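This briefing goes through one model, topic by topic, for a reader who has the sequence and the coordinates at hand. The points are grouped so that each can be checked against the structure as it is read.

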Amino acid sequence: MNNKPLIYILRGRSDSLREEVAFDLWEHTGASVCSASYFDSTPEKSTTACWDSFCISLDEGSEVIVVDNPNLTLKDYQHYVDLGVLNGYNIRVLSVEGVE
């Protein structure tokens, strides 16, 4: 049995579908959710705010963290993976596809 904390990285173009999955994960696991969609700002500032929220969740020792950003390429989310692994988390990347 693996008791390591877990990070879900959601990727996909649809903000609303990713948000729906993030909400379901929060509802079922009590996850900390870090989402650029929650910040009413420019994409660059929203992404920075999401990263800051993620780092706070790590510092607080959240058992489950959900990163809800487009994360279209590995380059977009590699820093989340690297810091998560460094802090002892398992990583799951979920591609969220579909029609809104």
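This is a predicted model: local features need pLDDT of at least 70, side-chain atom pairs count only at pLDDT 80 or more; totals for chains, interfaces and linings use all residues.

## Aromatic pairs, sheet, cores and a salt bridge

The structure holds four aromatic pairs.

**Aromatic contacts**

- Trp51 and Tyr80 form an edge-to-face aromatic pair, with 5.1 Å from centre to centre and 70 degrees between the planes.
- This pair links distant parts of the chain, since Trp51 belongs to helix H2 and Tyr80 to helix H3, 29 residues apart.
- The two partners can also be described by their accessibility: Trp51 counts as partly exposed at 23% relative accessibility, whereas Tyr80 is buried, with a relative accessible area of 1%.
- Together with Phe54, the residues Trp51 and Tyr80 make up one aromatic cluster.

**The sheet**

- Four strands form an open sheet with parallel pairing, and their order across the sheet is S2-S3-S1-S4.
- Strand S2 (32-35) and strand S4 (90-95) stand at the edges with a single partner strand each, so one side of each is left without a neighbour in the sheet.
- On average, and with direction ignored, neighbouring strands of this sheet are turned by 20 degrees against each other.
- Strand S1 (residues 6-11) and strand S3 (residues 64-68) run parallel and are joined by five bridges, and Leu6 stands opposite Val64 in S3.

**Helices on the sheet**

- Helix H2 (residues 43-59) lies across S1, S2 and S3, and it runs at about 160 degrees to S2.
- Helix H3 (residues 74-86) packs on the sheet as well, where it touches S1, S3 and S4, and its direction makes about 175 degrees with that of S1.

**Nonpolar cores**

- The largest nonpolar core has 14 residues, and those with the most contacts inside it are Ile7, Ile9, Phe54, Ile65, Val67 and Tyr80.
- The elements that give two or more residues to this core are strands S1 and S3 together with helices H2 and H3.
- Apart from this core lies another one, of eleven residues, including Leu6, Ala22, Leu25 and Val64.
- Ile65, when residues up to four places away in sequence are not counted, touches Leu6, Ile7, Tyr8, Ser32, Cys34, Phe54, Ser57, Leu58 and Tyr89.
- In soluble globular proteins, nonpolar side chains tend to be buried together.

**A loop residue with positive phi**

- Asn71 lies in the loop between S3 and H3, and it has a positive phi of about 45 degrees although it is not a glycine.
- Most residues other than glycine have a negative phi.
- Asn71 is also buried, with a relative accessible area of 3%.

**The salt bridge**

- The structure holds one salt bridge, in which the side chains of Asp68 and Arg18 meet at 2.7 Å, N to O.
- The pair links distant parts of the chain, with Asp68 in strand S3 and Arg18 in helix H1 (residues 15-29), 50 residues apart.
- Asp68 counts as buried at 0% relative accessibility, and Arg18 likewise counts as buried, at 1%, where buried means under 20% relative accessible area.

Terms used:
Residues are numbered from 1 along each chain as its sequence is written. Side-chain values use heavy atoms; hydrogens and water are left out. Two strands pair if DSSP finds at least two bridges between them. Axes are lines fitted to C-alpha atoms, for helices over the stretch in contact, and angles run from 0 to 180 degrees between N-to-C directions. Contact means heavy atoms within 4.5 Å. A nonpolar core is a set of buried Ala, Val, Leu, Ile, Met, Phe, Trp, Tyr and Cys residues joined through side-chain atoms within 4.5 Å. Buried means under 20% relative accessible area, exposed over 50%, partly exposed in between (1.4 Å probe, protein chains only). Rings of Phe, Tyr and Trp (its six-membered ring) pair if their centres lie within 6.5 Å; planes under 30 degrees apart count as stacked, over 60 as edge-to-face and the rest as tilted. A salt bridge is a side-chain nitrogen of Lys or Arg within 4 Å of a carboxyl oxygen of Asp or Glu.
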